[in-house]
Amino acid sequence: MNPRDTHKKMSRLSCSPVQCLLRPLPLLFILSMMSQISQGDVGTAARYSPPYLPTACYNDSASQFPSNNLFAAAGDGIWDNGAACGRQYLVRCISAAVADSCIADQVIQVKIVDYALALIRSPPSARGTTIVLSETAFAAIANTSAAPTSINLEFQQV
């Protein structure tokens with residue numbers, strides 16, 4: 001092989017230090033996105049109806065509720081002795097005992113405003129769930145015409 005051809009071949013294979021550092025970035029970006037998707041926890045959710053006040057987090061303050069009414073009460077698993085108050089979670093329905101209950105690929109963000117075990121005036125549709133969603137939040141991710149009392153969901157703190 002001619003030395004000139006070897007040099008041309010080597011120059012095509014080599015890269016500048018910046019180019020070499022930037023080459024794996026698209027792959028690293030894709031891998032980081034995949035890891036974020038799989039960091040969610042799995043649990044169950046029920047729904048509850050008004051009256052929503054008072055709450056264990058903010059008492060009688062109506063200003064605690066987001067204007068879109070996407071809020072929830074925390075179950076024992078995430079209550080954390082009241083530290084869950086105000087936390088935001090991304091939630092999506094992944095399955096239910098009742099067929100066609102989940103709205104596919106629908107993800108919503110809810111704010112924790114109450115403690116599920118304190119819902120005496122408006123009991124949840126199912127006991128012992130991870131999160132109890134407001135009627136609006138539950139209907140945003142689950143087909144309420146299928147009449148599920150609870151759903152399985154994936155959730156992740158924002």
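This is a predicted model: local features need pLDDT of at least 70, side-chain atom pairs count only at pLDDT 80 or more; totals for chains, interfaces and linings use all residues.
How many disulfides does the structure hold? I started my notebook with that one, and the count is two.

**Entry 1: the disulfides**

I looked up Cys57 and Cys85 to begin with. They form a disulfide, and their sulfur atoms sit 2.0 Å apart. The torsion about their S-S bond is about -80°, so I wrote this disulfide down as left-handed. Then I checked where the two cysteines are. Cys57 is in the loop between strand S1 (41–48) and strand S2 (71–74), while Cys85 is in the loop between helix H4 (76–79) and S3, so the pair ties together parts that are 28 residues apart in sequence.

Cys85 comes out as partly exposed, at 22%. I had to look up the cut-off here: buried means under 20%.

Next I turned to Cys93, which a disulfide joins to Cys102, again with 2.0 Å from S to S. The link of Cys93 and Cys102 has -55° about the S-S bond and is left-handed. Cys93 counts as buried, with 5% relative accessibility. Cys102 counts as partly exposed, with 25%.

**Entry 2: the salt bridges**

How many salt bridges are there? I get two.

One of them pairs Arg87 with Asp80, and the closest N and O atoms are 3.1 Å apart. I looked up Asp80 as well: this residue is partly exposed, with a relative accessible area of 47%.

The other entry on my list is Arg92 with Glu154, whose side chains meet at 2.8 Å, N to O. This pair links distant parts of the chain, since Arg92 belongs to strand S3 (residues 88–95) and Glu154 to strand S6 (residues 151–157), 62 residues apart. Arg92 is partly exposed, at 29% relative accessible area.

**Entry 3: the whole chain**

I stepped back to see the layout. The protein chain has five helices and six strands. Reading from the N terminus on, I noted the order α-α-α-β-β-α-β-β-β-α-β.

How much of the chain is buried? Buried residues are 32% of the 158 residues. I also looked up the accessible surface, which is about 9,500 Å², with 56% of that belonging to carbon and sulfur atoms.

One more number for this page: among contacts with a separation of 6 or more, 79% are between residues 24 or more positions apart.

**Entry 4: the nonpolar cores**

Which residues have the most contacts inside the largest nonpolar core? They are Val91, Val110, Ile131 and Leu133, and this core has 24 residues. The elements that each give it two or more residues are S2, H4, S3, strand S4 (108–115), strand S5 (131–134), helix H5 (135–141) and S6. S4 gives the most, with four residues.

Leaving out its neighbours within four places in sequence, Val91 is in contact with Gln106, Val107, Ile108, Val110, Ile131, Ile141, Leu153, Glu154 and Phe155.

**Entry 5: a patch on the surface**

Which residues make the nonpolar surface patch of about 240 Å²? Leu90, Val107 and Val158 do. Val107 was already in my notes as a contact of Val91. Val158 sits in the segment after S6, and at 58% relative accessibility Val158 counts as exposed. The cut-off I used for that label is over 50%.

**Entry 6: one serine**

Last, I looked up Ser122. Where is this residue? Ser122 is in the loop between S4 and S5. What does Ser122 touch, if I don't count residues up to four places away in sequence? My list reads Tyr48, Ser49, Pro50 and Pro51.

Notes: Residues are numbered from 1 along each chain as its sequence is written. Side-chain values use heavy atoms; hydrogens and water are left out. A salt bridge is a side-chain nitrogen of Lys or Arg within 4 Å of a carboxyl oxygen of Asp or Glu. Buried means under 20% relative accessible area, exposed over 50%, partly exposed in between (1.4 Å probe, protein chains only). A disulfide is a pair of cysteine sulfur atoms within 2.5 Å. Contact means heavy atoms within 4.5 Å. Accessible areas come from the Shrake-Rupley method with a 1.4 Å probe; for residues, only the protein chains shown count as cover. A nonpolar core is a set of buried Ala, Val, Leu, Ile, Met, Phe, Trp, Tyr and Cys residues joined through side-chain atoms within 4.5 Å. Patches are made of residues with over 30% relative accessible area and no salt bridge: like charges are joined within 9 Å, nonpolar side chains (Val, Leu, Ile, Met, Phe, Trp, Tyr) within 5 Å.
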